[in-house]
Every structure is written in structure tokens, then in C-alpha cells.
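Hi everyone, thanks for coming.

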Amino acid sequence: MGDGSRNAEGTEAGAASGLAKVTPGAQPPEEARGPSVGPIATVAGGIPAVISALRHVYGEMGVARGTRLLLKVNQKEGFDCPGCAWPDPGHRSMAEFCENGAKAVAEEAMSARVTPAFFRQWSVAELSQQTDHWLGKQGRLTHPMVLREGATHYEPLSWDDAFSLVAEELNALDSPHAASFYTSGRTSNEAAFLYQLFVRQYGTNNLPDCSNMCHESSGSALNETVGIGKGTVTLEDFDKADAIFVIGQNPGTNHPRMLSSLEAAARRGCQIVSVNPLPETGLNRFKHPQDVLHLIGPGTALNTLFLQVRINGDAALLQGLGKALFELEDARPGTVVARSFIEDKTLGFDAYAAHMRAVDWEDVEAGSGVPRARIVEAAELLARSERTIFCWAMGLTQHRNGVACIQEIVNLALLRGGIGKPGAGLCPVRGHSNVQGDRTMGIWEKPPAALLASLEREFGFKPPQHHGMDVVETLLAMHDGRVKVFFALGGNFLSATPDTEFTAEALRRTRLTVHVSTKLNRAHLVHGRRALILPCLGRTEHDVQAAGTQFVTVENSMGVVSASRGSVAPASEHLLSEPVIVARLASAVLGARSSVPWLLLTEDYDRIRERIARVIPGFDDFNRRVREPGGFALPNGPREGRFTTASGKAHFTVHALPRIHLEPGQLLMMTIRTHDQFNTTVYGLDDRYRGIRNGRRVVLLHPSDMKALGLSADQLVDLRSHFEGTTRLARSFRVVPYNIPKGCAATYFPEANVLVPVNSFAEKSRTPTSKSVVISITPAGETRSLSGGAVA
């Protein structure tokens, strides 16, 4: 990596990090006026959410078509929302979607089209100068497209030629491990199962996926301690909980339907504690858009207690809660620590208890930024609660100590006997519609031996046994020439990954990049020697194969598998479904080497599900059970009171408090989303709940830090990250004073991804540390006098 600054000025990666023009200091056309900052919203949902959703839907699809689609979202005979993985209630309303879910549907089912004529008009270089927002608004892709070596424009080609091109490149590699096969969480169970089967028959376990960048830390933490890498609660548990802790999560923007469950819980007296560096509107008050009686008025108060931690102060806070619980147990013996549960079902308690008693309150307060009295108040609430649910998201997972931090939550749950009983347990909230299902289907670079053995029995081949490459290793391997072909089944890989310029250079060093996509995105514009765009059906569209109209299946955050049926005509007659794309690819690449009847399987997706049922545990009688209204729940030992670790017991763990060292003038930065985006898809330029409009290149700072750094509101600044002697620079961010802890900063993803070092990742899970980036800030332009390269 070297020890200088990463150079990204005037490159396609520079555009990827948010600049539309290569002119120094230029802003994207939509942001030419700069952002405006207004009051922070005090209530989420309500009429503004309805207006925002309908404006987006009707603007993209029209009133009649938009209404028809919205009434099918998350219905038992409809399609699964292409947004987040929050589960559907047993009794569904007529409008079972949220504001951002409606936007996700509109983005997929929009009427605009990106045809071959569009690509004749726009060169790759010209497209690279446009913003991600502009690219997404151009519409649905309609034809397979190829960018030939040395060409300036994509051009159409037939599907047969596309598959032949990929087969040519893959079969010319010296080793199957010189290819890597990425997967997005949008992919259905059927497509994911075929994909991992193809990749393993090809000869590698190089199956990086979006889990590597988000909830991999959750899976690592939970597998070690309770024996399953998933949550242990159902949606019905939210109706029974006495307390709900929401930690490192912003459900109002990222999982808005969760607010309905929190609202119902709050109304019946459940205590809700939120832990976050930013006060989020969605955890303050909520007005259910379908609750007419409550649309007028202040809305339902959700938070009982808000603990404003420093960035990466959660581990210190959680250890403080543990210490306070032991002190309460000493004061009231036998009332706080679940002794019987601990003796019967856990290991490691004595070491954990000794560690908690030795923890120093000064270290807890300094590390968390939360006063001892507030932590004790939260511990009292936890001690009174007989049924507690702990929820979390990427605010915990994307730190070097992300796995350890989540295991501190497990410690608290075990201490109170709070796993395996109604109304209590662990709830990692997944951010993509089928990211959990993809992992269940075998999309994992570290496959369990049992999965490989099942594949061998069912399909008669010997799968590769060694572990493959995750996202970070794939980036490093492309950069140094070990991976020469990159294939992505969905997603916007360039914008989603860390270290944007490093990633861009890694992609450019490959021989072929292939992206299966519904819409144009940044990843199509930073490519290998040759590049393919393969357009696929979306979740909203009819999927008709030889046996008739098909459906696919997905798994939500709580392990429920259900059907998803598209209901509108495809955007183009030239689109293929993801299962068909995978099957035709496998047939072209493997040929006579494979005895799998790839094309026959995709004539009727029931045939794929029959094979899944024989390979993946919990899917017995798959075709019948998934046709039952609402689908079915997968087995979950810890949920049922059985810990599925090797010892058969849950494990307490002991972790040292993290030490975060900042030099004078440095801050700890986290990346966040706006309310107008989902993952890398940018719906608009506003962050309504935070009061920020018409701009995304902003940095949120505490007023005292602004004063110490000599900065003023709306000032244009440059951001420089620091890691192990290397620096990365991102230019032209506007300063926004905000209620954020001192010493902390917040910026939007993916604009600030250029600052996240590729080799800074969580221990064990290797998740990039996008929430723990050490930065310094200088007025715009002064960076030209600093040593090192240019900027992004």
C-alpha cells in the first residue's frame, strides 16, 4: 500500500466517491447549490412519509401501475419487498410496506429504460462523470451489453455470446481460484443455491458476498457463543417483551417497518432503550401512516432511555451494564443473575463475572462517553425486565472489535437467562431482503463440512474443501493479479466496498468483470479488460418458464422462508431470471464436466427446491410448506432453548475494552445512510429526518470540535483518513454542526468509502471498519500543500 496518500483525482473512482466532475472542488450538477440544513425532524412516519413514498412511486411508475404494485408488496400472494429483511406480520394490512420500501419498488419498476441506444450515446468515460443518483435514474437495463477490450462504449450482444465469452475466460484460467463470484442479498434462494453449486463444481469456494461487509461480525459472534449465526427471536416475541434494546441501529431509515413493532410495544408499556452516537428521529416518536386516529398529534413516544455513546463506545457501555448488574445482584441477591439458567446451559460464567467485577468505572465512562448514572439507570431497567430483546445492526459490526462487541450483548442476555424463552433473545437486523437466505443456501467462502458432504451426495462431485476468499481478500487478490475474473450476481460492488480507489484499481487489473443487474450503477463503469452487463428480472416482474409462471423464495431476518411472486410484465423481452442466468452460465462453462441438469432445473423452480430440500437442513417438504400462507420457520436451536455449539451450551466470553488512540486534531468517523437511500441506491439528495437537504457530501461535527479546528458551519473542507502510516483523502465536504459526541464525525456512505482502508477490518469476521475511521479535517484546498498524492 505504501506510505503516501492514495491518488484518486480525475479518475473513475473519483467519480465513484461522489464527485461528478474532475475539476478540483467541483460538485455534482444536482448539488451545485450546496446542501441546506434545517430543523431535525421530531417524529418519523406520518403524512410526510406517505407523501414522500407516493411522490416517488407515482413519479417513477404512474398512479395506476404504482398503486397496483404497492398493494402486492409483502402480501402472501405478492412479492417480497426488494428492500430490507424485516419480517412480515401474520395478519397483514392492505398496505404492508414502508416509505423506503415503496421507493425500492419504484426504483425497480420505473418506466425509464437504458437501451443499446443509450449506450451508443454515452461513452463509459462520460457516464463515469455522472453521480450515482443520476445513473440510477436512467432506468432499467434491457439488453446484455459488452465492453470489448479498448472500446469506449458498451454494445449489445446475444445471450449465447455473453455466456460463451464468460466460459472462454473462466476455462482459460490456470486455476479456478483465479476467479471470484460475488453475491448480493437481493438474490433469491433458488438462484443462490444454483450459484454456489455452479461455483463449487467449477472448483472454488471464492464466494464473497454482501454479508462480508455488514453482518459477518454477527454470524461470527453468535456461532461461537450460541451455536447459530442468526437471531433467536420471532416477530411475535416483540409482542411479549418487557424491554427492547436497539443498539447501533437506525430503524427509521434502514428498517422502517420495525417501527410498527416498536410502536405497538411502547403502547403496551414495553421499555425501549436506544444506544447510538446520533439521536435518530425514528427512535424518538413515530406516527403509523395507516393509523388514522394517530396521524394528528405528536405521535407515539418510543424511547424510554437514549444512551448517546461515542463511536465504538458500545463495548464499554455493554461492559458497564454487566458490571452494574453484578452490583445490583450484590445488593439484592438472587434477583438479577439467572443462576439456574447459567449453571444448566452455559460455560465460562466465572471468568466473565471476575472480569466484570474488575472493570473500572472510569474506563467505562471514558470509553463509552456515557455517565455512570445513566448506565446504572439502564441496568436497573434491564434487571426489572423478565423478557428482553437486544437488536443491533452495522453500528456494532463494522469495528475492529465488532465480534467482541456483539458477544458482550450475548453475555448480558445469558446473565439474565434471556435466550430461549418467549419475548426475549437476540435480534441482528439484516439490511437486505435475502442476505440471510443466501448464507443458508451456501453462499459462504467458509462452507461447513456438512454442506460440502451433502452437495457431494446429491450431485456426485467432490467440492473443494479449503476456504475461499471473502470480499477483502478478493480485493487484495484482484489488485495483485491472483484473481483475474470477477463475476457479481447483483449489487454495486465498487460503491459498496471500502477503499474506493484501491477497489477501482483492483477491478481494472482483471481480465473480465461481469455484473448481473437490473439497473446501471457505478460498478459497470470501472471494469476489467473486458466487461459484461447481464440484465435480469426484478422481484416485481413475472417470471415465466417452460412449466409456466414461477415464484422464488426468500428468508427474512427471523428465519422465516416465504414465496415471492412478481406481478408486472418484465421491463424487456430480453431479460432472463437470475436462476436461468446461473443455469445457462453453468452449462456453458462446465459442459460435459457436469451431470447436473441445469436447464431442466430452471424449467420449473420446484425442481430446484426439491434439490434444496435434500441438501439444506430445515427445508424438508420445501415445495409444500412454502406454499402455505406465510411460509415456514427454519429450525433454530437457541430459540427453542437448545444451544447448538460443540459443547451443547452457550458461552460467556471475556474481552478487553478497546483502546482508541487519536492524535490532537483527529476524530473518529463513521459512515451512515441518508433517509433517501437504500444501501448504494440513492433515491434523492435529502436526509429529511436529520434536516439535511440537497446534498450528500457533508460531515457532521460537534460544535466544540468545529471551534477547536477553526471550522464554521457550511465551510468546505477536505477529509484525510489515517491508518498504519497510509493516508487517504476525500475532498469537498460541507461542515454541518450536529448533536454528535465530541471527537466524532459522521459522513454518508458511499461518498466517504474512499477513506476506509481495505486492510482495516474486524477481528475474526474481516468486516471492513467503516464505522471506525480515524480522520483529520482541513479547509478545502489546504490539502494541496500536504505531502502525498491527490484526492477523491
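Let's start with two helices: helix 9 and helix 21 run roughly perpendicular to each other, because their packing angle of about 85° falls between 65 and 115 degrees. Do keep in mind that this is a predicted model. Helix 9 covers residues 189-202 and helix 21 covers residues 449-459, with their axes 12 Å apart.

So who touches whom? From helix 9 we have Phe193, Gln196, Leu197, Arg200 and Gln201, and they meet Leu451, Leu452, Leu455 and Phe459 of helix 21. By class, that contact has six nonpolar residues, two polar and one charged.

Now stay with helix 21 and look at another partner, helix 27, residues 605-615. Here the angle is about 130° and the axes are 9 Å apart, which makes helix 21 oblique to helix 27. The crossing of this pair is right-handed. Helix 21 brings Leu451, Ser454, Leu455, Glu458 and Phe459 to the contact, while helix 27 brings Arg611, Arg614 and Val615. This time we have four nonpolar, one polar and three charged residues.

Of its 32 lining residues, Asn223, Ile228, Gly229, Lys230 and Pro448 are the closest to the centre. Which helices supply at least two residues each to that lining? They are helix 10 (216-225), helix 20 (435-440) and our friend helix 21. The lining as a whole has eleven nonpolar, 15 polar and six charged residues.

That's my tour, and I'm happy to chat about it.

Methods: Residues numbered from 1 in each chain as written. Predicted model: local features only at pLDDT ≥ 70, side-chain atom pairs only at ≥ 80, totals over all residues. Heavy atoms only, no water. Axes fitted to C-alpha atoms, helices over the stretch in contact; angles between N-to-C directions. Helix = DSSP H or I, 4+ residues; strand = E, 2+ residues; numbered from the N terminus. Parallel < 35°, antiparallel > 145°, perpendicular 65-115°, else oblique. Contact = heavy atoms within 4.5 Å. Nonpolar A, V, L, I, M, F, W, Y, C, P; charged D, E, K, R; others polar. 1 Å grid on protein atoms, 1.4 Å probe; cavity = no way out; pocket = protein on both sides within 12 Å on 5 of 7 lines; lining within 4 Å. Left-handed = near helix turned anticlockwise from the far one by under 90°.
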